[in-house]
Amino acid sequence: MSPVPEPRYPSVPELVASARSLAAHRPGLCTLDQVGVSRAGRPLHLLSVGRARRAVLVVAGAHANEPTGGSTLLALARRVLTERELRAGTSWHFLLCADPDGASLHVTPAPRSLLDYHHGFFRPAGAEQPEWSPSVLPPDRLPPETRALTGVIDALRPYLQVTLHGTELGGSWVQLTRDVPGLAEPFAKSAAELHIPVETGACDAAGWPVSGPGVRVMPTPGSAPAYPSLPDDARLSTWYRAHRHGGLTAVVEVPMWASDLVDDPAPHPAPQAAIRRLAARLLRDAREVELVLADALPRLRGADGPLLRAARWGLGLVPGLAADWVHTPPADTTMAYVGSVDAFGRRLPLRAAAMLLRVLREADDRAAPGLERLVATWSTAFADRFRARWVPLEHQVEHQSRTVVETARHARDVGA
């Protein structure tokens, strides 16, 4: 893994302070409002620029472990304030952090390596994620963060919602709930200029229609999922809420560490056999974490905090996903797709192990040293296998910002 400078991702209080400063500096143009509270009572803030009825909504912090979005959101807000043409007939609204409770638990604001990143890792269980909870919970059990987000969407009726996501290692790509013709070209140009690979075979989008390299369109409701075992369905998430008002959603993904292996369009020589091997490794790795968990649980005295819930939830996905990989023909047969499956198969047990390690350390449990060695070994192997190289934070932010602006322009032209 290449040496990393000291990136610094802002905390939620720092985001709020910056947004408050912008609103105070341009009071005639900006407002900062509280639009809800989290389960733990933390406020959710919306920064608005302009008052036009036609609206763009940008959401950061939906996943606690994807910190680039907060920096991108602030950069976008400043850009909208300085570039009058972006405000012509359009208001911009920025939800500073969709999950402030989760953000308080992911504690790696300046990761120097994948191991450093995982030492402070947190990503909540699916039912506790504000964008995903509607796909796994009935309406009367949705968390307050989800209700706040859907309330903002219904109030603004945006022609475009953009949600800022990312990955620890891989490439950049865009998910769309409805096609935006013409977006793929400026997206690819930006990525090339900033030396960020375009992820052309993301397994998260297995079988989805392709709008252009790295730009995928989500299937319509009723389509068969590529991985039937996974409980969450993007088509039931808050991403589709904008459709009620004639809008669409774009999910813009950007990596912290890049891998040039994720944009290899060459055909894999034996994709099904390779994926079967990856499924076997996934089961084996998850079993290692499960054994540590089973040994430690009696000593944890019934602990059930968010870290432990998330670790157990992630491990619970493994058997079904491995079976999907074994029994379903590959949705794609490129080197990029098999590489994406490889990366996903490493992520699930590594993330579960990392969160369990935090629980064991807090409890000063005897199993912690062994699990620490496992997390270190897997983090290093992940970085080495994918030849990870750090993407400067300013490049992450610039590429994500450019993609948001281009999506807004192209989606507006389509709807004009």
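How far apart are the axes of α1 and helix α2, and at what angle do they cross? Select α1 (12-25) and α2 (residues 68-82): their axes come within 11 Å and cross at roughly 5°. Axes here are lines fitted to C-alpha atoms, for helices over the stretch in contact, and angles run from 0 to 180 degrees between N-to-C directions. The two helices, α1 and α2, are therefore roughly parallel; angles under 35 degrees count as roughly parallel, over 145 as roughly antiparallel, 65 to 115 as roughly perpendicular and the rest as oblique.

Before going on, a word on what is on screen: this is a predicted model, in which local features need pLDDT of at least 70, side-chain atom pairs count only at pLDDT 80 or more, and totals for chains, interfaces and linings use all residues. Residues are numbered from 1 along each chain as its sequence is written, and side-chain values use heavy atoms, with hydrogens and water left out. Helices (H or I, at least four residues) and strands (E, at least two) are DSSP runs, numbered from the N terminus.

Now show side chains for L15, S18, A19 and L22 of α1, together with G70, L74, A77, R78 and L81 of α2; these make the contact, meaning heavy atoms within 4.5 Å. By class, this contact of α1 with α2 has 6 nonpolar, 2 polar and 1 charged residues. Ala, Val, Leu, Ile, Met, Phe, Trp, Tyr, Cys and Pro count as nonpolar, Asp, Glu, Lys and Arg as charged, and the others, Gly among them, as polar.

**Next stop: α7 and α8**

Select residues 271-296 for α7 and 306-327 for α8, which pack at an angle of about 155° with their axes 9 Å apart. That angle is why α7 is roughly antiparallel to α8. On the α7 side, the contact residues include I275, L282 and V289, and on the α8 side they include L315, W325 and V326. In total, 16 nonpolar, 1 polar and 3 charged residues make up the contact of α7 with α8.

**Then: α9 and α10**

Move to residues 335-362 (α9) and 368-385 (α10), where the packing angle is about 150° and the axes are 9 Å apart. That makes α9 roughly antiparallel to α10. Among the residues in contact are R346, L350 and L357 of α9 and L371, W378 and F382 of α10. The contact of α9 with α10 holds 14 nonpolar, 1 polar and 6 charged residues.

**Last: the empty spaces**

Rolling a probe the size of a water molecule over the atoms shows where empty space is left. On a 1 Å grid over the protein atoms alone, a cavity is a set of points where a 1.4 Å probe fits but cannot get out, and a pocket is an open set with protein on both sides within 12 Å along at least five of seven lines; lining residues have an atom within 4 Å of a point. Grid points are joined across faces, edges and corners, and a volume is the space filled by probe spheres set on the points.

Select P10, S11, V12, A103 and S104, which lie nearest the centre of the second largest pocket, among its 27 lining residues. This pocket has a volume of about 430 Å³.

Finish with E85, L86, T90, W92, Y159, V405, A408, R409 and R412, which line the largest cavity. Its volume is about 40 Å³, and α11 (residues 393-415) gives the most to its lining, with 4 residues.
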